[in-house]
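Subject: Structure handover

Hello,

Here is the structure I promised to pass on. Please open it first, then read the notes below it.

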Amino acid sequence: MIYQKDTAEPSYLDYKGKYKGIFSWIFSTDHKRIALLYMFSILTFFAIGATLGLLMKFELIAPGRTIMSAQAYNAFFTLHGIIMIFAVVIPGLPAVFGNFLLPIMIGAKDVAFPRINLLSWYLYVTGVSLVVISQFTGQGPPDTGWTFYAPYSFRTAGNMLPAVFGAFVLGFSSILTGLNFLVTIHRMRAPGMTWLKMPLFPWTLYATGWVQLLATPIIGITLLMIVAERTLHIGFFDPTLGGDPLLYQHLFWTYSHPAVYIMILPAMGAISEIITTYSHKAIFGYKFMIASVLAIAFVGYFIWGHHMFTSGMSGTALYTFSLLTFIVAVPSAIKVFNWIATMHQGSIDLQTPFYWAMAFLFVFMIGGFSGLILGSLAANVHLHNTHFVVAHFHFIVFGGTGFAFFGAMHYWYPKITGRMYDTRWANIGLVLFFIGFITLYGPMFYLGFKGMPRRYYDYDEVFHAGNIVSTMGSWVLYSGLVIIVINLFASLKSKIKAPSDPWGGKTLEWTIPSPPPVENFEEIPTVTKGPYNYS
Amino acid sequence: MENEKNHIIPYRTFLFVLAGLITLTLTSAVVTQISLGTFTVAIALIIATIKSSLVLRVFMHLKFESRMFSLAVIAVVLLIATVIIITLLDYLYR
Amino acid sequence: MTGETHRDDLTSKTGMWLFLFTEMLLFGGLFVVYSVYRFRNPVAFHLAAQELSVTIGTINTIILLTSSTMIAMSITALQTKNKKLTLFLLGITILLGLAFLVNKYFEWGGHIKEHIYPGSSILALRGQGDVLFFGLYFFMTGLHALHIIIGLIFIAIITAKIFRNKITFNNYVLLENSGLYWHLVDLIWIFLYPLFYLIT
């Protein structure tokens with residue numbers, strides 16, 4: 001099944017199509033080129049978001065005004081949140097690695113609707129542009145935080161409409177990606193690839209696709225209601241007109257909590273692929289892994305209320321949401337145990353992506369456990385809207401999705417570019433990134449526990465020490481990030497060409513040349529064995 | 001496969017269904033004018049559900065597609081119902 | 001570029017159904033809002049609903065149901081290679097859709113003349129339940145009307161394609177898909193109708 005005819009067909013990077021230069025990219029409907037379009041746009045916005053974060057941390061190095069005013073700080077965390085959530089982590093793994101690898105891993109030539117795939121990238125760029133435009137037009141930048149809570153979001157003088165509409169467009173882009181993946185998985189699996197022969201990364205994309213499809217419209221309509229509220233004063237969420245601001249929070253989190261699973265499920269898929277490949281051992285409990293992914297996606301839809309424990313919900317709702325929150329921890333824990341059991345007695349190859357997977361496990365567990373603390377009602381009253389929450393979701397969203405993103409980047413880099421990267425610099429970058437991450441977010445648990453609220457540019461003197469440590473961590477993290485990215489770009493010129501299967505992986509993407517030819521497969525493979533056949 | 005896809009529904013089926021839909025519409029309009037208290041809502045919604053299942057099964061061909069489509073539609077409807085119920089858990093007991 | 005030249009109707013129909021699910025959820029969010037506010041303002045909703053004309057609502061429901069039947073029958077006509085009848089039925093579909101919009105226009109116009117519209121200070125004097133009921137009424141029927149307009153544009157494009165023989169009896173999945181969309185618009189109306197006009 002392994003072809004080594006390197007020169008038979010031009011790779012997707014060398015392919016000469018109808019268009020030249022940049023147009024051969026932005027008009028391409030090839031899923032691999034679209035994946036790279038996403039990769040470059042997401043990395044760009046990630047750099048912007050990370051720089052905003054760096055500046056916010058610098059503001060917090062000392063109490064009082066350091067480098068920016070309170071209003072600027074409000075605008076910074078709003079833009080940081082919108083960009084990082086809607087433009088980086090939600091599309092991150094599905095749009096980049098999902099686009100590139102899903103068709104290849106299930107043995108297809110492309111996604112089901114290649115042109116809609118390109119359209120969703122255009123929508124993505126439009127959405128982010130609208131958000132960026134909102135910063136420089138109207139009566140000053142949005143200052144509501146990425147959550148757009150009512151009633152402030154339709155009372156503030158900040159320029160909300162473009163930002164809210166931009167988020168709406170980004171949601172539409174996300175829906176189209178999910179829809180495309182679902183149809184692709186349903187209709188285009190290679191002959192013989194039954195549901196239970198499909199690798200775990202496509203499985204997680206499948207579950208993610210459903211969440212994208214069924215949760216995103218809720219935020220779409222909610223954002224439209226905010227637009228209508230600002231322009232027409234309908235009164236949906238305006239208490240002076242009889243509306244209930246809490247209902248806004250219900251609707252917002254009905255999407256935005258499942259959105260966390262849009263972020264983390266593909267990350268779990270990528271980590272599963274990495275761990276099984278470098279352990280040279282089939283994933284432990286393959287069916288349980290699938291069941292837990294589906295369970296997380298399903299239960300995750302009904303636990304939005306744990307973002308609102310202190311908002312004034314009824315007791316019945318509080319208990320229900322708290323219980324459901326604890327239930328969703330069970331399948332997550334199953335996954336962690338299965339990853340560890342996969343490594344047990346495997347012959348482990350210590351490569352950079354494997355280190356990323358280990359770092360992922362470490363921060364994901366801390367993030368998960370702190371989530372349980374926040375999920376218990378009594379503790380939540382104390383910790384709500386403190387830096388503890390900030391630390392928790394950065395451990396999950398940045399630590400989970402971010403570490404998996406960079407792990408996946410190093411894992412599939414040879415396949416995508418056809419080159420090998422410099423392992424030494426990659427590892428140095430990873431170590432700095434990891435140390436910086438823990439130093440940056442670790443103290444926030446302590447600060448939040450002590451009562452330091454989130455979203456203030458100023459704080460009491462008692463919180464000073466922790467903030468100094470945290471800010472220094474942000475510098476280490478940022479320098480690690482710079483090293484990682486420079487190393488990956490510099491390695492594009494590396495002389496070491498990647499073989500088709502540098503790591504000994506068993507899924508279909510490792511059976512085709514690196515970089516893959518335009519049509520992926522010379523002929524569609526027939527699958528006879530399970531995805532992780534190491535026997 | 002090809003034959004299954006080209007399933008042709010005769011015109012009269014559609015006209016029968018249309019007659020049924022209009023009858024149901026008029027029924028619901030008349031019935032709800034009689035004051036039945038809390039039952040009004042229930043009756044109106046039950047009739048709407050019957051009408052929508054007619055549209056789904058005949059007009060939208062669910063009757064002739066694979067079972068998977070029908071199951072997915074039911075799942076989506078249940079999902080919306082669950083979201084409404086869970087949200088009301090807050091409002092009913094506040 | 002992808003070399004997939006053969007058509008796969010089931011694939012595109014599956015995609016359409018998934019898209020319809022997102023539409024259902026989109027309105028689903030509004031039904032959540034409706035349920036909550038109806039629960040909180042039962043009397044006001046009851047009284048405000050009496051101001052809507054059941055007659056116009058019922059006529060519009062029948063118009064939309066008939067329109068839906070026409071496009072469903074047009075598929076049968078195309079399958080049996082009767083192009084003329086297909087075009088005729090699609091024409092009626094579009095005309096009925098337009099009739100629905102015209103009715104809606106006069107209905108809305110009537111309310112606005114009585115100072116019932118979102119943001120109206122006279123409406124605000126009548127109390128919060130009325131504001132919410134009519135706010136939801138205008139927003140939900142407005143969004144629905146927007147869907148009608150989009151549906152009509154799709155159907156017009158499809159009709160033109162059939163006229164120019166771009167769509168024929170052996171590749172009519174586009175007609176099926178726009179039919180599905182039109183039926184969904186119909187489905188949503190089937191629920192909007194009792195929730196706004198009948199629950200009095």
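Two residues count as being in contact if their C-beta atoms, placed from the backbone, lie within 7 Å. Keep that cut-off in mind for the chain pairs below. Please also note that this is a predicted model.

**Chain A with chain C**

How many residues does each chain bring to this contact? Chain A supplies 35 residues and chain C supplies 28 residues. On the chain A side, the elements giving two or more residues are α5 (160-187), α6 (200-232) and α7 (245-279). Of these, α6(A) has the largest share, with nine residues. By class, the side of chain A that touches chain C holds 19 nonpolar, 10 polar and six charged residues.

**Chain B with chain C**

Chain C also touches chain B. That contact takes 32 residues from chain B and 35 residues from chain C. On the chain B side, α2 (11-33), α3 (39-59) and α4 (67-92) each give two or more residues. This side of chain B divides into 23 nonpolar, seven polar and two charged residues.

**Chain A as a whole**

Which elements make up chain A? It has 14 helices and zero strands. Along the sequence the pattern reads α-α-α-α-α-α-α-α-α-α-α-α-α-α.

The C-alpha trace of chain A spans about 70 × 45 × 45 Å along its principal axes. Buried residues account for 57% of the 535 residues in chain A. Now take the contacts in chain A with a separation of 6 or more: 83% of them join residues 24 or more positions apart.

Start with α5(A), one of the elements on the side that touches chain C. This helix has 28 residues. From first C-alpha to last it reaches 41 Å, close to the 40 Å expected at 1.5 Å a residue. Is α5(A) mostly covered or mostly open? It is mostly covered, with 24 of its 28 residues buried.

**Domains in chain B**

The domain assignment of chain B gives domain 1 (1-60) and domain 2 (66-94). The C-alpha centres of domain 1 of chain B and domain 2 of chain B lie 21 Å apart.

That is the handover.

Best wishes

Definitions and conventions:
Residues are numbered from 1 along each chain as its sequence is written. Chains are lettered from A and ligands numbered from 1 in the order in which they are written. This is a predicted model: local features need pLDDT of at least 70, side-chain atom pairs count only at pLDDT 80 or more; totals for chains, interfaces and linings use all residues. Helices (H or I, at least four residues) and strands (E, at least two) are DSSP runs, numbered from the N terminus. A residue is buried if 20 or more other C-beta atoms lie within 10 Å of its own, exposed if 12 or fewer, and partly exposed in between; C-beta atoms are placed from the backbone. Ala, Val, Leu, Ile, Met, Phe, Trp, Tyr, Cys and Pro count as nonpolar, Asp, Glu, Lys and Arg as charged, and the others, Gly among them, as polar. The expected span of a helix is 1.5 Å times one less than its number of residues. Domain bounds come from an automatic or database domain assignment.
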